Amino acid sequence: MSRVRVLVGTKKGAFVLEADGSRDAWSITGPHFGGWEIFHMKGSPVEPDRIWASQTSGWFGQVVQRSDDGGATWEPVGNEFAYEGPTGTHQWYDGTPHPWEFTRVWHFEPSLTDPDTVYAGVEDAALFRSTDGGHSWQELPGLRNHATGDRWQPGAAGMGLHTIVLDPRTPDRITVAISAAGVFRTEDGGESWRPSNRGLKSQYLPDPEAEIGYCVHHLAMHPDRPDTLFMQLHWNVMRSDDAGDSWELVSGNLPSDFGFPVEVHAHEPETVYVIPIKSDSEHYPPEAKLRVYRSRTGGHEWEPLTRGLPQEHCYVNVLRDAMSVDRLDPCGIYFGTTGGQVYASFDGGDQWTAICRDLPAVLSVEAQTLE
Amino acid sequence: MIRVVLPYHLRNLAGVGSEVGVPVEGRVTQRSVLDALEARYPVLRGTIRDHGSLERRPFLRFFACARDLTHEDPDESLPESVARGEEPFLVVGAIAGG
């Protein structure tokens with residue numbers, strides 16, 4: 001019988017939640033690395049018991065942890081992320097040049113084919129790769145050295161490379177998103193990159209056709225349709241059907257199209273989930289009601305999913321890497337809040353239940369389906 | 001043997017108690033003590049000093065013999081009582097964040 005493991009990174013440690021295929025009863029282990037921020041955890045699709053965790057601290061910097069037994073035990077691996085060549089500058093918040101400085105790993109994306117290969121998206125924005133199980137990390141410098149790099153600016157939370165989408169058809173195509181530079185894509189395994197932001201709009205950019213400068217919050221792709229991408233932009237939910245060459249607004253009837261995560265149903269490539277947040281000034285749900293919105297039409301038409309979710313006095317946020325789906329049928333959907341709840345639906349979103357409450361603020365949620 | 005006291009999170013990371021002993025050959029300075037500490041516990045590399053520059057991470061302090069040595073030259077000799085192993089060299093997480 002299949003099992004599900006949910007990896008939860010929080011402000012104060014890592015938690016591992018597991019259930020059998022019925023998803024009725026959940027075991028919780030943790031906190032691992034108590035007191036440290038766990039920005040992101042993700043398991044290898046090739047060897048699911050191999051899990052990567054980004055352990056960070058304002059005091060002690062970056063640690064990378066690897067588990068080879070599904071999160072029961074952990075081993076610190078390499079934590080040196082050295083930019084390759086001259087680091088140069090990007091723009092600081094006030095527009096002045098600022099040297100590129102490594103702060104933390106925001107996101108790990110394990111290879112689809114090799115358990116020893118994993119990508120790391122970091123702040124200040126760059127893409128690193130390890131091919132030796134995390135012991136050493138090499139930058140793919142073509143991204144940071146893009147001709148627009150000296151004009152990239154941080155978003156409010158820093159200039160993080162937070163989303164890495166690997167194309168299941170070819171390892172040469174990688175799409176990444178950076179706050180607040182936008183989307184970039186390589187077709188040659190990371191040697192060269194080009195912006196993929198045509199069609200995006202931002203009230204914060206005076207040039208409506210700006211090539212870069214977009215505060216992309218997250219991207220999602222269904223593996224059966226690698227050319228279709230969904231995006232939660234700072235404001236606006238967007239869709240591309242040409243791998244990011246152009247984007248179309250699909251916010252439709254959402255009560256607010258500000259938000260952070262976006263996810264695609266495991267078995268229905270046109271079923272998409274977002275969690276509207278009232279605004280970038282308030283960072284809590286509209287009308288203090290926590291609602292997941294589902295579109296079964298790939299955008300434009302959205303329905304609120306509320307059963308089991310708090311519908312009054314709710315002021316939590318859901319961060320960009322804090323929603324995930326499992327691959328069971330019916331599809332399970334999971335998200336974690338800054339209030340420490342992990343909510344799950346086991347019927348595509350109609351009914352929700354908290355499988356975990358009172359954790360530290362949740363930074364990331366990744367579901368694994370285990371055979 | 002030089003005595004080094006680590007903050008809570010670094011003890012857990014290195015899997016040690018509150019105090020460790022590290023051998024230092026030659027002059028006992030901040031740099032030689034931290035070099036020896038990182039050689040003995042490689043997992044601490046990058047957590048006290050930056051990997052490349054070897055500069056102290058901003059929110060860490062170095063104390064010994066009731067003195068704050070944080071801003072001393074890292075190649076200055078540490079107090080004799082630290083070199084003799086009578087007093088520990090303390091790595092302290094700064095109080096920050098409220």
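1. A:His313 counts as exposed, because 7 C-beta neighbours fall inside 10 Å; a residue is exposed if 12 or fewer other C-beta atoms lie within 10 Å of its own, buried if 20 or more do and partly exposed in between, with C-beta atoms placed from the backbone. A:His313 is in the loop between strand 25 and strand 26 of chain A. Its phi is near 55°, a positive value in a residue other than glycine. Helices (H or I, at least four residues) and strands (E, at least two) are DSSP runs, numbered from the N terminus.

2. On conventions: this is a predicted model, in which local features need pLDDT of at least 70 and side-chain atom pairs count only at pLDDT 80 or more, while totals for chains, interfaces and linings use all residues. Residues are numbered from 1 along each chain as its sequence is written, with chains lettered from A and ligands numbered from 1 in the order in which they are written.

3. A:His300 likewise has a positive phi, near 75°, in a residue other than glycine. This histidine sits in the loop between strand 24 (292-295) and strand 25 (303-305) of chain A. A:His300 is partly exposed, because 15 other C-beta atoms lie within 10 Å.

4. Two cis peptide bonds deserve a look. One joins A:Glu123 and A:Asp124, with omega about -5°. A:Asp124 belongs to the loop between strand 11 (118-123) and strand 12 (126-130) of chain A. Another joins A:Asp329 and A:Pro330, with omega about 5°; A:Pro330 is in the loop between strand 26 (323-325) and strand 27 (333-336) of chain A.

5. The C-alpha atom of A:Glu123 is 9.8 Å from that of A:Ala157, and 34 residues separate the two along the chain. A:Ala157 lies in the loop between strand 13 (138-139) and strand 14 (161-166) of chain A. It counts as partly exposed, because it has 14 C-beta neighbours inside 10 Å.

6. Chain A has zero helices and 30 strands. Its radius of gyration is 19 Å, close to the 21 Å that the globule rule gives for 371 residues, so chain A is as compact as a globular protein of that length. The radius is taken over C-alpha atoms, and the rule is 2.2 Å times the number of residues to the power 0.38. The C-alpha trace of chain A spans about 55 × 45 × 40 Å along its principal axes. Of the 371 residues in chain A, 53% are buried. Among contacts in chain A with a separation of 6 or more, 50% are between residues 24 or more positions apart; a contact requires C-beta atoms, placed from the backbone, within 7 Å.

7. The largest nonpolar core holds 125 residues, and A:Val8, A:Met231 and A:Val342 have the most contacts inside it. Strand 23 (residues 272-277) of chain A gives the most to this core, with five residues. Such a core is a set of buried Ala, Val, Leu, Ile, Met, Phe, Trp, Tyr and Cys residues joined through C-beta atoms within 7 Å. Not counting residues up to four places away in sequence, A:Val342 touches residues including A:Val6, A:Val8, A:Leu17, A:Tyr334 and A:Ile355.

8. In chain B, five strands form an open sheet of mixed pairing, in the order 2-1-5-3-4. Strand 2 (19-22) and strand 4 (67-68) of chain B are the edge strands, each pairing on one side only. Strands pair if DSSP finds at least two bridges between them. Strand 3 (residues 60-64) and strand 5 (residues 89-93) of chain B are antiparallel over five bridges, with B:Phe62 opposite B:Val91.

9. Strand 1 of chain B runs antiparallel to strand 2 of chain B, joined by four bridges, and parallel to strand 5 of chain B over two bridges. B:Val4 stands opposite B:Val20 in strand 2 and has B:Phe89 as its bridge partner in strand 5.

10. Helix 2 (residues 30-40) of chain B has B:Gln30, B:Ser32, B:Val33, B:Leu34 and B:Leu37 as its buried residues. The elements covering them include strand 1, strand 2, strand 3 and strand 5 of chain B.

11. At the interface, 12 residues of chain B are in contact with 13 residues of chain A. Helix 1 (residues 8-14) of chain B supplies the largest share of the chain B side, three residues. That side divides into five nonpolar, six polar and one charged; Ala, Val, Leu, Ile, Met, Phe, Trp, Tyr, Cys and Pro count as nonpolar, Asp, Glu, Lys and Arg as charged, and the others, Gly among them, as polar.

Technical notes: Contact = placed C-beta atoms within 7 Å.
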